[in-house]
Structure formats: structure tokens, C-alpha cells
Amino acid sequence: MSAAQGIVRLTLLFWGFVSAGMAAEDSQPVGALIDAAKKDNSVVRREAVEKLGETGDPQVFDSVVAALRDDNPEVRRKAAEALGELKDPRAVEPLIGSLRDDDSAVRWAVAVALGEMDGAAVELLVNALKDSEPSVRWGAAKALGEIKDPSAVEPLIGALFDSDAQVRREAVESLGNLRDPRAVEPLAEALKDAEPSVQWDAAVALGRLNDARAVESLIAALKDSEVGFRAKLTEALAAIGPSAAEALVAALRNNDPGVRSGVTDALANIGRPAVDSLIAGFTDDDSEFRRAVREALLTIGPGATVPLIAALENPDWRIRHGAAAALRKAKDSRAADAISARIKGVASLAETYGEQIEKGESGTEDRLIDALSLLGNPRMAADFVHCGNPMLEAAGRRWSEDHGRPVPNLSEKRKGPRWGEQQTVL
């Protein structure tokens with residue numbers, strides 16, 4: 001029989017003994033477990049300590065605490081987990097002491113166990129944030145995030161300036177768990193931390209806080225960010241949701257491709273609640289910004305289709321023009337149907353636009369612009385620019401910009417229809 005098989009057999013014999021004890025008086029199983037926790041075999045000790053935690057019996061406390069000093073790290077880890085299950089406030093001090101354990105798995109289990117102690121551990125854990133040992137400070141920060149006591153917010157904010165990156169990272173994550181608005185500005189500063197992992201966790205934490213005050217800092221961090229971090233920033237902006245939409249749309253003006261890409265992705269993740277803010281961007285005079293708005297709407301996809309179709313009826317011709325341009329590129333049958341219906345309504349006008357310009361009837365500008373938006377060409381746009389009607393001139397210029405064509409120069413002399421020319425002749 002191998003040594004491993006012998007250990008397994010011994011463990012099975014032990015649990016057979018315990019099970020038999022459970023059939024007798026209630027006090028016998030606990031006593032048997034306490035005795036087993038002192039056996040020479042580490043497997044037996046580990047299993048015994050685990051079961052002691054499951055009993056919930058206060059009389060096992062000293063035996064479990066003693067197991068925190070066991071030579072075997074697996075036994076110590078099980079002891080920490082057992083103390084977390086017992087939730088006895090007396091366990092806080094010995095657990096904090098075990099945050100100095102040489103084994104990282106034990107330290108992790110200790111931190112989690114401290115997080116199970118509720119308010120009883122807060123004061124001691126706050127004090128532990130000032131310990132000389134980084135592992136103690138790290139474990140204390142993690143535990144405070146699990147307990148979620150508001151009184152820990154300020155101490156955790158202080159831990160954001162710790163010399164140890166792991167402590168700062170755990171403080172950031174814990175502040176995200178606490179979701180207290182006091183942490184917004186400090187976490188925004190943590191986006192600039194020298195340690196990338198702290199920056200990433202700060203972005204995640206800000207997303208959890210769901211506070212619009214973080215939007216500007218998250219957008220600023222998009223600049224020159226590497227791809228992974230940019231993804232985290234984008235997720236955080238999307239998590240903040242509709243309250244971030246207006247600032248995100250404004251950020252589409254940024255010349256940095258990484259910023260625009262991240263902002264566009266965030267808007268796409270926000271989806272329908274961001275569409276109205278984007279559509280309003282069609283009134284802007286900056287053609288590059290309007291192009292970015294169209295791309296963002298197309299990235300949102302089907303969720304933007306119905307609002308864009310509704311925008312074809314907007315009283316502002318700039319909104320109608322932008323909506324038509326976006327719908328023409330949308331991969332959605334509803335968009336195609338809406339554009340087709342609108343084209344039928346202005347097809348004849350597109351053929352006779354010159355005559356209509358010469359007539360110069362007040363109130364016909366809107367339909368003429370719709371004809372240009374849906375069926376325009378460079379010559380038609382140039383005729384609009386030179387016709388003498390300011391509204392049509394603006395529409396002609398916008399059509400040229402949005403189609404990547406040279407904007408007609410008013411100083412050049414050319415023949416074409418003039419607004420109200422027939423009325424002048426009459």
C-alpha cells in the first residue's frame with residue numbers, strides 16, 4: 001500500500017469513527033473532532049478543522065484558533081475558513097495576526113474570513129491598514145471591502161496612497177464594493193496610478209459607483225491607453241449608463257482615435273438611452289463630429305433605427321439630413337423601407353428643384369432640402385449653395401461636407417437657378 005493510499009484509508013476510518021459518534025450523544029462528535037484536530041496526520045487535522053467550522057458550536061473556537069498555528073498550510077487555511085463560518089468576534093485578533101502567514105493561500109483565506117466578521121472587526125481592521133507588513137494592510141483592505149461598513153471609506157481612501165501596489169489595488173476594489181460617493185474623486189485619481197493593475201481596478205470600481213462625476217476622468221484616461229485598459233474604461237463608462245451619454249457624445253470631438261473608439265463603444269453599450277443625445281449632435285457645424293455621431297449610431301445598430309426613422313419628421317432640417325445619412329448606411333430593413341418611402345415623396349421635386357428655386361416660394365425650403373438629402377448630387381448641392389437662399393446654401397454646404405466633396409466656393413461665378421428669379425422677372 002502506498003503512502004497516499006494509507007492517508008486516504010486513515011481519513012476514511014476517521015470519518016467512520018466520527019459518523020458512529022454522531023449516532024450517540026451530541027457532545028461526542030464535537031469532542032471527537034477536537035481530538036482529531038490534534039492528530040499527527042495533516043490530512044486528518046485538515047478534515048477535522050473543516051468539520052469543526054461546520055458545527056457552529058462555540059466550544060470548538062479554541063481548537064480552531066490553535067489550528068491557525070499548525071505546521072501545515074492547508075490546515076491553517078481550513079482553520080481560517082472555519083473561523084469565518086463560526087463568525088465569533090474573538091477570532092478577529094488571531095486572524096489579523098495570521099495575515100502575516102508565509103503562505104499566500106492562507107493569507108487570502110484569512111482576509112475572506114475577516115470579511116465575514118461584520119462590524120465587530122472594523123476598528124481593528126482600520127488600525128491594521130497602518131501595519132508595517134504589506135500583507136496585513138492588504139488583507140485588512142480586502143476584509144473591509146467585504147464587510148461594507150461606511151466608516152471604512154475614509155481609511156480605504158487613505159490606503160490608495162499606500163507604498164505597496166497590492167494594498168492600493170485591494171483598497172480600490174473595496175471602495176468599489178462600498179459604492180460610496182465620497183470615493184469618486186479619489187478613484188478617478190487612481191486611474192493615473194503608476195501600477196497598471198491599480199488603474200484597471202479603479203476603472204471597474206468607478207463603473208460600480210455609477211456616478212456621472214467620474215465620466216470626465218474616465219474619458220480622459222482613454223487617451224493613449226493600451227487596448228486592455230481602454231476596454232475596462234469603456235465598460236465603466238457604459239456601466240454609468242444614460243447619465244454619461246451627453247458627456248460621451250461631446251467627447252466624440254476628440255481628435256485621439258483611441259478616445260473616439262472607446263467613447264463610441266461605450267455609447268454602443270449604453271444603447272437606446274444614448275440615441276437621443278447622438279441625434280441631437282446632427283445640428284453641429286463640425287462635419288467630423290457629425291461623422292463620428294453617425295458611426296456611433298451605426299454601432300448601436302437596430303436599437304437606433306426607430307428613433308432615427310422618427311427623426312426624419314423632425315422640424316429641424318439638420319436633424320432630418322443627419323438621420324437620412326445614417327439610415328442609408330444602416331443594415332436594417334426598416335431603415336431601407338423608411339428611406340424608400342421618403343424618396344418617393346421627393347423624387348419629382350429632385351428632378352425639378354431648379355424650377356422650384358426660381359419660383360422662390362416661401363416654405364418650400366424644407367422639402368427641397370429633403371430632396372437634396374435623399375437624392376442629391378454634387379451639382380445639385382452647388383446649385384443650392386449659389387442660389388441666394390441662406391437656408392438652402394447651408395444645406396448645400398452640409399451635403400458636400402457629409403459626402404466628402406469640396407464645398408462650393410461662393411466667389412466663383414457660375415450659372416444656376418437663383419432664388420425667386422421668376423418672381424423678379426414678373
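The model on screen is a predicted one. Asp35 belongs to helix α2, residues 27-36.

**Aromatic pairs**

Next come the ring pairs. How many aromatic pairs are there? The count comes to 2. For one of them, select Trp108 and Trp138: the ring centres are 5.9 Å apart and the planes stand at 35°, so the pair is tilted. Trp108 sits in helix α7 (residues 104-115) and Trp138 in helix α9 (residues 134-147), so that distant parts of the chain, 30 residues apart, are linked by the pair. Is Trp108 buried or partly exposed? At 45% relative accessibility, Trp108 counts as partly exposed, whereas Trp138, at 9%, counts as buried.

Move to Tyr353 and Phe384, whose ring centres are 6.0 Å apart with planes at 50°, so this pair is tilted. Tyr353 is in helix α23 (residues 353-359) and Phe384 in helix α25 (residues 378-386), so the pair ties together parts that are 31 residues apart in sequence. Tyr353 is buried, with a relative accessible area of 12%. Phe384 is buried, with a relative accessible area of 0%.

**Arginines over rings**

Show the side chains of Arg90 and Phe61. Arg90 lies over the face of Phe61, 4.0 Å from the ring centre. Then select Arg253 and Phe289: here Arg253 lies over the face of Phe289, at 4.0 Å from the ring centre.

Return to α9 and look at the loop between α9 and α10, where Lys148 is found. The phi of Lys148 is positive, near 65°, in a residue other than glycine. Lys148 counts as partly exposed, at 44% relative accessibility.

**Helix α11**

Select residues 165-178, helix α11. Its 14 residues reach 20 Å from first C-alpha to last, close to the 20 Å expected at 1.5 Å a residue. At the N-terminal end, Asp164 caps α11, with a side-chain oxygen 3.0 Å from the backbone nitrogen of Gln166. Buried residues of α11 include Val167, Val172, Leu175 and Leu178; Arg168 and Glu170 are also among them. Which helices cover the buried residues of α11? The cover includes α9, α10 (153-159), α12 (184-190) and α13 (196-209).

Arg179 follows α11, in the loop between α11 and α12. Arg179 has a positive phi of about 55° although it is not a glycine. With a relative accessible area of 52%, Arg179 is exposed.

**Helix α13**

Select α13 next. Its 14 residues should span 20 Å at 1.5 Å a residue, and its end C-alpha atoms are 20 Å apart, which agrees. Of these 14 residues, 10 are buried, so α13 is largely enclosed by the rest of the structure. Among the buried residues are Ser197, Gln199, Asp201, Ala203 and Leu206. What covers the buried residues of α13 includes α11, α12, α14 (215-221) and α15 (227-240). After α13 comes Asn210, whose phi is positive, near 50°.

**The nonpolar core**

Where is the largest nonpolar core most connected? This core has 132 residues, and Leu95 and Leu218 are those with the most contacts inside it. Helix α9 gives the most to this core, with 7 residues. Select Leu218 and show its surroundings: not counting residues up to four places away in sequence, Leu218 touches Leu191, Ala203, Leu206, Leu233, Ala236, Leu237 and Ile240. Ala203 and Leu206 are among the buried residues of α13.

**His321**

Finish at His321, in helix α21 (residues 317-329). His321 counts as buried, at 4% relative accessibility. With what does the side chain of His321 make a polar contact? The partner is the side chain of Ser373, at 2.8 Å. Leaving aside neighbours within four places in sequence, His321 is in contact with Ser373, Arg398, Trp399 and Asp402.

Conventions:
Residues are numbered from 1 along each chain as its sequence is written. This is a predicted model: local features need pLDDT of at least 70, side-chain atom pairs count only at pLDDT 80 or more; totals for chains, interfaces and linings use all residues. Side-chain values use heavy atoms; hydrogens and water are left out. Rings of Phe, Tyr and Trp (its six-membered ring) pair if their centres lie within 6.5 Å; planes under 30 degrees apart count as stacked, over 60 as edge-to-face and the rest as tilted. Helices (H or I, at least four residues) and strands (E, at least two) are DSSP runs, numbered from the N terminus. Buried means under 20% relative accessible area, exposed over 50%, partly exposed in between (1.4 Å probe, protein chains only). A charge sits over a ring if NZ of Lys or CZ of Arg is within 6 Å of the ring centre and within 35 degrees of the ring normal. The expected span of a helix is 1.5 Å times one less than its number of residues. Contact means heavy atoms within 4.5 Å. A polar contact is a pair of N or O atoms within 3.5 Å; within protein, one must be able to donate a hydrogen and the other to accept it, and residues adjacent in sequence count only if both atoms are side-chain atoms. A nonpolar core is a set of buried Ala, Val, Leu, Ile, Met, Phe, Trp, Tyr and Cys residues joined through side-chain atoms within 4.5 Å.
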